[in-house]
Amino acid sequence: MPIKMIQDTADQRVYMNVTANQCPGCPENLATRLVMHIVFDHLKDEDPIIFGQGCGIGRDFLQRSGLGTHDSGIVGMLTAMKVRNIDRPIVVIDGDGQIDLGLEDLATSFQQGYKYLHVVCDNQAHAASGSHATGSTPPMARTSVRPTGKLRHPKHFALMLMFSGAEYVATASTSHPQDLERKIKAASTRLPAFIQILTPCNPSWGYDDNKGIEVSRFAVESGIWPLYEWKDGVFQRQNIMRKSSVRDYVGSQRRFAHLGDEGIAQMEEYVNDLNRMMIKLETGFSA
Ligand code: SF4
């Protein structure tokens, strides 16, 4: 099937390359497609340049290269474009490996104030190279190198970037596409910006191929993946009904299958701590 790599004309839509070898039902695929459509809808007049990389993202489509998805490379490109009076935003869709391996570049790239949106599709694993843990892997989740579960709390990377010079920072989830669209729209008028989307991974997390969205919904509704945004100096959490429990979330994936009642209670305590941190941020940075 012929698939467009990227828009050739202003009227074209962008398409996913279904011939790439991603797992069926990969939520990262879905998130990437959503981001591309939304970006083109909201930044179309500015002719954005999009780069993609990561498991399920950059195998056969998008413009990709190590340089094109590393923030130091992006800053270099944006600087060169500025010198040549080329005023186009750059959007990078990347995986959560970047929040570890590209930490320095990513955390400092916003300092230049360029028109730049970095989107991380966060599957909480180095899925392309064997599903070992990243900084985003939650506590006690079993990974390929630690079958007894991760010991430490994750890196809350979006929170780390609140004071990096980014004009907009948010979390999102494949289970809440309208929220994602609203956030990309908000980000596109406040560049540089960063959005971290939860995109479960079928083999790394251990659920059936058709359950990715359900698992993301459990994450949001249980509070383990809070949706929030940092915009115009205000921190705001999206008001999501707690319709699912931590036990629902943990029970939906084999990476938590080793947890008994005590382990689940520890996960609940972790979520309570996270919730308290969210309340403090909302209180401290209210409108
Ligand atoms: S390994 Fe995970 S992230 Fe990669 S294509 Fe499969 S489901 Fe998607």
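Colleague: How many helices and strands does the protein chain have?

Modeller: The protein chain has 11 helices and 7 strands, where helices (H or I, at least four residues) and strands (E, at least two) are DSSP runs, numbered from the N terminus. Please keep in mind that this is a predicted model, in which local features need pLDDT of at least 70 and side-chain atom pairs count only at pLDDT 80 or more, while totals for chains, interfaces and linings use all residues. Residues are numbered from 1 along each chain as its sequence is written.

Colleague: And what share of the residues is buried?

Modeller: Buried residues make up 44% of the 287 residues in the protein chain; a residue is called buried if 20 or more other C-beta atoms lie within 10 Å of its own, exposed if 12 or fewer, and partly exposed in between, with the C-beta atoms placed from the backbone.

Colleague: Which residues have the most contacts inside the largest nonpolar core?

Modeller: That core has 61 residues, and those with the most contacts inside it are Val119, Val169, Ala193, Ile195 and Ile197. The largest share of this core, 6 residues, comes from helix α1, residues 27-43. By nonpolar core I mean a set of buried Ala, Val, Leu, Ile, Met, Phe, Trp, Tyr and Cys residues joined through C-beta atoms within 7 Å. In soluble globular proteins, nonpolar side chains tend to be buried together.

Colleague: Take Val169, then. What does Val169 touch?

Modeller: If we leave out residues up to four places away in sequence, Val169 touches Ala158, Leu161, Met162, Ala193, Phe194, Glu229 and Trp230, and two residues are in contact if their C-beta atoms, placed from the backbone, lie within 7 Å. For the protein chain, among contacts with a separation of 6 or more, 66% are between residues 24 or more positions apart.

Colleague: Back to α1. At what angle do α1 and α7 pack?

Modeller: Helix α1 and helix α7 (residues 177-188) pack at an angle of about 45 degrees, and their axes are 10 Å apart; the axes are lines fitted to C-alpha atoms, for helices over the stretch in contact, and angles run from 0 to 180 degrees between N-to-C directions. That makes α1 oblique to α7, because angles under 35 degrees count as roughly parallel, over 145 as roughly antiparallel, 65 to 115 as roughly perpendicular and the rest as oblique.

Colleague: Which residues make that contact?

Modeller: From α1 they are Leu34, Val35, Ile38, Val39, His42 and Leu43, and from α7 they are Pro177, Leu180, Glu181, Ile184, Lys185 and Ser188. These residues divide into 8 nonpolar, 2 polar and 2 charged, where Ala, Val, Leu, Ile, Met, Phe, Trp, Tyr, Cys and Pro count as nonpolar, Asp, Glu, Lys and Arg as charged, and the others, Gly among them, as polar.

Colleague: What about Ser131, where is that?

Modeller: Ser131 is in the loop between β3 and α6, and it counts as buried because it has 23 C-beta neighbours inside 10 Å. Ser131 and Trp205 are 74 residues apart in sequence, yet 8.9 Å apart in space, C-alpha to C-alpha.

Colleague: Last one: what is Gly25 in contact with?

Modeller: Gly25, found in the segment before α1, is in contact with Asn202, Asp209, Asn210 and Gly212, leaving aside neighbours within four places in sequence. Gly25 counts as partly exposed, because it has 16 C-beta neighbours inside 10 Å.
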